[in-house]
Amino acid sequence: MNQTETQRPDFDFENFTFGVQSTDRMLVAAYQKGEWSAYRISPVQAISLSPLAMCFHYGQTVFEGLKAFRMADGKINVFRMESHWKRMNRSLERMAMPPLPQDLFMEGIEELLKQESDWVIDDPEYSLYIRPFVIATEKKLGVDASQEYLFMVVLSPMRAYYNKPLKVKVETDYIRAARGGAGAAKNGGNYGASLLPQINAKKAGFDQIIWLDAKEKQFIEESGTMNILFILDGNRLVTPALSDSILDGITRDSLLKLAEEEGFSVEERPIAIEEICQRIENGERVEAFGAGTAAVISPIETISYNGKSYGTYLAADAGMYRLKNQLSSVRVGKHPDKYGWNHLLDT
Ligand SMILES: *Cc1c(COP(=O)(O)O)cnc(C)c1O
């Protein structure tokens, strides 16, 4: 082992911007001639690619986002690691990219985390964000599936911040993903295409957008890069059913399971934007929130649709806060892990 393992990294853990700083080491494996190489862990450094590398041209890039936590008992927990591996392979399949063997993904990330364990500090507000990704590296300008890839993992410190409730705008011009498209895959192109509408919404004074279905522009799909959920009447958790235009969020899935335990009824079904607006107009209690690994939940304060603003229920007794606390407690070992979500490293 080496000397950096015994000292706290030279980094201000209290005060930093997410995603700008990586830890000291990264993981790399290469795919060539139909096979993944063993992984290598090295200091974080620039990589060199040919300008002909296919990732620059035809969008074969896939990523994941998961987190490691320091448990109450000192162990390191990678939350729902296997689910993230499976989803990464579904994304890779959709983008005609080769799957990652389970050992390469899981053991590789475990080893990287062991070497970077000083970055998983014991602080309930802190987590280490794990960003695995695969890019096409074959040198070729013809449109085709690459025969060569790189799998890499970088780590970045993250702090839970108070998430100010969001003012969201229902996007009625642009769409995120259509049926038959690649919206269910975490591939780079989906995010590139979402930036312009997002920037426009910001300019108009909103924090985020709600995406509607591509065909009828009637049914709610997601909010920004999060899944969207609603709690009706304080006890009905309602969320759009998964489809190939909705990302199968692992936070969403976890919240649905915890909600059942907590006595909520759970409905996965089409949700028309009109239904939500109508309920709010009728004076019903409607909670709305985004769900994703980064923030767990992001409460929504107002929904603006066709120029009208609808206010949601945000009081301290809102069910979404209960679900968020429950999920956070499972991740650090303070609530029973009934589903085997915690992947503990033996350090
Ligand atoms: C990653 C992502 C989510 C949330 O997924 P989690 O597994 O909960 O982090 C939701 N929507 C989109 C578009 C995403 O990229």
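## A residue to start from: Asn 227

Asn 227 touches Glu 222, Ile 246, Leu 247, Gly 249, Arg 252, Phe 289, Gly 290 and Ala 291, leaving out residues up to four places away in sequence; contact here means heavy atoms within 4.5 Å. You can find Asn 227 in strand E12, residues 226-232. Helices (H or I, at least four residues) and strands (E, at least two) are DSSP runs, numbered from the N terminus. With 5% relative accessibility, Asn 227 counts as buried. Buried stands for under 20% relative accessible area and exposed for over 50%, with partly exposed in between (1.4 Å probe, protein chains only).

The side chain of Asn 227 also has a polar contact of 3.5 Å with the side chain of Glu 222. A polar contact is a pair of N or O atoms within 3.5 Å; within protein, one must be able to donate a hydrogen and the other to accept it, and residues adjacent in sequence count only if both atoms are side-chain atoms.

## About the model

This is a predicted model, in which local features need pLDDT of at least 70 and side-chain atom pairs count only at pLDDT 80 or more, while totals for chains, interfaces and linings use all residues. Residues are numbered from 1 along each chain as its sequence is written, and side-chain values use heavy atoms, with hydrogens and water left out.

## The annotated lysine

UniProt, in an unreviewed entry, places the feature "modified residue: N6-(pyridoxal phosphate)lysine" at Lys 186. UniProt positions are given in the numbering used here, feature names are shortened, and annotations may be inferred rather than shown by experiment.

Where does Lys 186 sit? Look in the loop between strand E9 (166-170) and helix H3 (188-192). Lys 186 counts as buried, at 14% relative accessibility. Setting aside neighbours within four places in sequence, the residues in contact with Lys 186 are Thr 61, Val 62, Phe 63, Glu 64, Gly 65, Arg 87, Ser 91, Tyr 191 and Leu 247. Leu 247 is also on the list of residues that Asn 227 touches.

## Arg 159 and its partners

Arg 159 is found in strand E8 and is buried, with a relative accessible area of 19%. Apart from neighbours within four places in sequence, Arg 159 is in contact with Phe 13, Glu 14, Phe 16, Asp 123 and Glu 125. The side chain of Arg 159 also reaches the backbone oxygen of Phe 13 at 2.8 Å.

Two of these partners take part in salt bridges with Arg 159, a salt bridge being a side-chain nitrogen of Lys or Arg within 4 Å of a carboxyl oxygen of Asp or Glu. The side chains of Glu 14 and Arg 159 form one at 3.7 Å, N to O. Glu 14 lies in the segment before strand E1 (25-32) and Arg 159 in strand E8 (residues 149-159), so this pair ties together parts that are 145 residues apart in sequence. In space, the two are 8.1 Å apart, C-alpha to C-alpha. Glu 14 counts as exposed, at 55% relative accessibility. Arg 159 and Asp 123 form a salt bridge too, at 2.7 Å, N to O. Asp 123 lies in the loop between helix H2 (102-115) and strand E7 (126-136), so its pairing with Arg 159 in strand E8 ties together parts that are 36 residues apart in sequence. Asp 123 is buried, with a relative accessible area of 17%.

## Salt bridges elsewhere

How many salt bridges are there by this rule? The count comes to 24. One of them joins Arg 269 and Glu 275, with the closest N and O atoms 2.9 Å apart. Glu 275 counts as buried, at 19% relative accessibility. Both residues belong to a network of salt bridges that links Asp 233, Arg 236, Glu 267, Arg 269, Glu 275, Arg 279 and Glu 284.

## Aromatic rings

A pair of aromatic rings is described by the distance of the centres and the angle of the planes. Rings of Phe, Tyr and Trp (its six-membered ring) pair if their centres lie within 6.5 Å; planes under 30 degrees apart count as stacked, over 60 as edge-to-face and the rest as tilted. A search of the whole structure finds 13 aromatic pairs. Among them is the stacked pair of Phe 105 and Phe 151, 6.3 Å centre to centre with 20° between the planes. This pair links distant parts of the chain, with Phe 105 in helix H2 and Phe 151 in strand E8, 46 residues apart. Both Phe 105 and Phe 151 are buried. Elsewhere, ring pairs link Phe 11, Phe 13, Phe 16, Trp 119 and Tyr 126 into a cluster.
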